[in-house]
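Okay, thanks for making time, everyone. I'd like to walk you through one model today, so let me put it on the screen.

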Amino acid sequence: MSETGNRTTCRQWLGYFCWGMVLFIGLGAVRARADSESRVVTYPAPAGEAATEDYRVEVDGKPVDVYRAETEFFDKRYYFASFDSSGEVTVRVTSPQSLEGASILPERFGIRPTLEKPNALTFTASRPFRIAIERDGRNSPLLLFANPLETDPPKPGDPNVVYFGPGIHNPVNIRLTDNQTLYLAGGAVVKGAVRAEGENITVRGRGILDGSEYPHLKGPGRFMLDMTSCKNLVVRDVILRGSWTWALVPNGCDGVVIDNVKICGSRVLNDDGIDLVNSCDVTIRNCFLRTQDDCIAIKGLTGHDRKACEKMTIEACEFWTDLANVFRIGYECETEVMQDLTARDIDVLHYSPKYRKPEEFWAHAVFFLQPSDDMVMRRMRFENFRINADGGDMVLVLARPMVCAVSGRKYTRAGRLSECVFKDISVTGRQENFRGEIRVVGYDAEHTVEDLTFENVVRFGEVATADSPDVTIGDHIRNIRFGAR
């Protein structure tokens, strides 16, 4: 080959390379533009379900239907709405009442609203969120949920899928077994109870499981989502409204994931949000819970051969209780041991407005640890909590072995508590009457509290120490440590 030919070939290859780079960069720019574009998916409410009297919501100009929920407290009602999106979106909320003083909780989603006019606000968001928009404190707030886009939804007729499409359904009782999926499509309102037992069961979808037509303790099932002796259980994305008692209950389960579930409760007494009963290897994440009773309860009940409650992770959630405890661990202690819980990156939007002293049997607290029946409770870790105070008082930490009761039978002994950590717990908001007591007390010489660490527990800028006001270290305790960063 001649020298000229070689030079021409090199120039050609150089040209091809340059054009390739231009094309690559151009395609990258197109892809980047596509990735930055927003996409919004909404789900129209069934006829008769959309609540239009108090709020209207639009996302990038698309209407998002608003639903109503009930509460025993305040002005007896609140609202919620949900949509899917990707990329940056603009949300517009209007109300016949003024939004000039509205607050948005929690702050960690970084939402900064702009008031368009007294009854309209807008904000932008580029990632999923779960927030409460409060125009008048706890009176008639709007809960707004932005989900990631749904992937691989099943279709009607898919094998092993129990499918509910848009509309109102009254199945009363739904039974699930091995390898089945219950799918509630966006726009579906399914009235009734779910009982699942078996392996590889999934409950998912953007729809609503609704119990609001059933009186207190008189629903069609023990619990709204009653998951018994399940292995590899997944519950994600669904909304639970108005349970008649405990809402979501894994009983004697191994391997549980609860992700992006929203519980709109507080309609009746005893409506615990998520109760982990004799279950292990549990992950709860990205969930929003509003309840009348305890948000999270860990229990041991009869019928599970005293199976341990262990290996539990709860993270990136928002909790709101209207009467009881945010975390209640123990009380029912029909189990070998409760151990190895990690709860982290949690926002407590609201706690009970009814203060009860920590020495009362039915005390209320953000963290209530109460082992009973000689049960060992250990290695409970609470880290990176943000607690919004509204001026009312609430016990912050109550670590107290007790003699409790279960199934009509009173225990004869308290339990034991050890190796627990409370780290980076921050209380902000309105101080007023808030003290945030910390009380650690054993029951007797055999039922003690040992090895608890309080690190960087901050109440309105003050780091808690053993000598701080409203910190009580009682009898039958050992090695209780306080510190700061």
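What you see is a predicted model, where local features need pLDDT of at least 70 and side-chain atom pairs count only at pLDDT 80 or more, while totals for chains, interfaces and linings use all residues. Residues are numbered from 1 along each chain as its sequence is written, and side-chain values use heavy atoms, with hydrogens and water left out.

Confidence, then. pLDDT is the predictor's confidence in each residue, on a scale from 0 to 100. The protein averages 93, and 93% of its residues reach 70 or more. When I say helix or strand, I mean DSSP runs numbered from the N terminus: H or I of at least four residues for helices, E of at least two for strands. Where pLDDT is low, the predicted coordinates should not be read in detail.

Now the strands. Two of them count as paired if DSSP finds at least two bridges between them. Strand β30 (residues 337–350) pairs in the parallel sense with β28 (residues 309–321), over 10 bridges. It also pairs with β32 in the parallel sense, over 10 bridges. How many of the 14 residues in β30 are buried? The count is 10, so β30 is mostly covered; buried means under 20% relative accessible area, exposed over 50%, and partly exposed in between, with a 1.4 Å probe and protein chains only.

On to the aromatics. There are 25 aromatic pairs in the structure. Rings of Phe, Tyr and Trp (its six-membered ring) pair if their centres lie within 6.5 Å; planes under 30 degrees apart are stacked, over 60 edge-to-face, and the rest tilted. Take Phe-73 and Phe-74, a tilted pair with 6.3 Å between centres and 50° between planes. Phe-73 is buried because its relative accessibility is 17%, whereas Phe-74, at 36%, is partly exposed. Then there's Phe-327 with Phe-382, an edge-to-face pair at 5.4 Å centre to centre and 80° between the planes. That one links distant parts of the chain: Phe-327 is in strand β29 (residues 327–333) and Phe-382 in strand β32 (residues 376–390), 55 residues apart. Both Phe-327 and Phe-382 are buried. They also belong to a cluster linked by ring pairs, together with Phe-319, Phe-367, Phe-385, Phe-422, Phe-454 and Phe-482.

Last part: single residues. Asp-424 is in strand β36 (residues 416–430). Why does Asp-424 count as buried? Because its relative accessibility is 13%. Its side chain makes a 2.9 Å polar contact with the side chain of Asn-456. For a polar contact we need a pair of N or O atoms within 3.5 Å; within protein, one must be able to donate a hydrogen and the other to accept it, and residues adjacent in sequence count only if both atoms are side-chain atoms. Leaving out residues up to four places away in sequence, Asp-424 touches several others, including Phe-385 and Arg-485.

Next, Thr-291, in strand β26 (residues 288–291). With 0% relative accessibility, Thr-291 is buried. Its side chain reaches the backbone oxygen of Asp-293 at 2.5 Å. Beyond four places in sequence, the residues Thr-291 touches include Asp-271, Asp-272 and Trp-320.

And for contrast, a loop. Asn-200 is found between β15 (188–196) and β16 (202–205), and at 33% relative accessibility it counts as partly exposed. The side chains of Asn-200 and Asn-232 are joined by a polar contact of 3.2 Å. Asn-200 and Cys-230 are 30 residues apart in sequence, with 7.7 Å from C-alpha to C-alpha.

Notes: Contact = heavy atoms within 4.5 Å.
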